Amino acid sequence: MDASTDGDRGTTEEPLGDEADSRHLSRKTVLRAAFAAGVALPVAMMGVPALARTVGANGDPVELTPACDDGDDPTPPQTEGPYFKPNSPLRTSLVDASTPGTRLTVTGYVFGLACLPLGNVLMDFWQADVNGVYDNTGFKFRGHQFTNPDGSFTLSTIVPGLYPGRTRHIHVKLQAPGRPVLTTQLYFPGEPRNNTDTIFDPRLLMDVQNAGSGRAAKFDFVLNVPQTTTTRPTSTTTTTTTPSSPGGGTWAVGTNYAAGAVVTYNGVGYVCLQGHQAQPGWEPPNVPALWRAE
């Protein structure tokens, strides 16, 4: 099975490739490429961080919205591949004590276009096991979660095995309340197959470091969510999208829906695909990752 098999489902976003890379070599691209190659960069180039953080080096809070907008576009989309499954479990850890493989913790933040954090963003992860095999009958190495109010997330998993024709990667779907789904993939620096994988995009490289017997990775997502706030929020505020107008039916904010639950909204019936608590902006027509029209 080659790379085309893992990339047979496209997104509705603009295609990416060598032509797009040649038109847009952003600071983030250069930083990640340099990191992958182990090249030191001038301090001047590091002056505007590509990856925004809310905690300083000494652990103290810093200004919540540092200058993270360095001219980049939102996080680029990538193919879903053939192995996505709806109805993944709600969990932040995909492993237990007996799971084989090198432990990996992925942390980061999700921002909108103005570099303000986005809370309650749906994130659905899936990947291959240590042998490069996807579980298509159950939900091993599959799970979804929601970002914290400060936009942060944590995923506990393993370093995925090599899938035939592909470099190491982790799949993820993200959806802010009431916004379109972003489907993309995350990559590991220093992988030999990064040079031969036709889908690989250096803009999606994680910052990966050794952490004891495992590894720790960081990546911040930027979603195509307009943000007009000009002031920087405090650590207790979040940025949300405007909820859509409520419609008649049985769907209700605050309800805990299990997979398979059936609701109506604006006269249309919907089946729940993933267990979740209903939020403003997550009305069934707005979130195809959570609801399927009957």
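## Lysine 173 and glutamate 80

In this predicted model, lysine 173 and glutamate 80 join their side chains in a salt bridge (a side-chain nitrogen of Lys or Arg within 4 Å of a carboxyl oxygen of Asp or Glu), with an N to O distance of 2.7 Å. Because lysine 173 belongs to strand S5 (residues 169–175) and glutamate 80 to the loop between helix H3 (43–46) and strand S1 (103–111), the pair ties together parts that are 93 residues apart in sequence; helices (H or I, at least four residues) and strands (E, at least two) are DSSP runs numbered from the N terminus.

Lysine 173 is buried at 11% relative accessibility, and glutamate 80 is buried at 14%, where buried means under 20% relative accessible area, exposed over 50% and partly exposed in between (1.4 Å probe, protein chains only).

## Two arginine pairs

The structure holds four salt bridges. One of them joins arginine 166 to aspartate 197, with the closest N and O atoms 2.6 Å apart; arginine 166 sits in the loop between strand S4 (152–158) and S5, and aspartate 197 in the loop between strand S6 (182–187) and strand S7 (207–211), 31 residues apart. Both arginine 166 and aspartate 197 are buried.

Arginine 168 pairs with glutamate 191 in a salt bridge whose closest N and O atoms are 3.0 Å apart. Arginine 168 is partly exposed at 21% relative accessible area, whereas glutamate 191 is buried at 13%.

## Basis of the values

Residues are numbered from 1 along each chain as its sequence is written, and side-chain values use heavy atoms, leaving out hydrogens and water. Local features need pLDDT of at least 70 and side-chain atom pairs count only at pLDDT 80 or more, while totals for chains, interfaces and linings use all residues.
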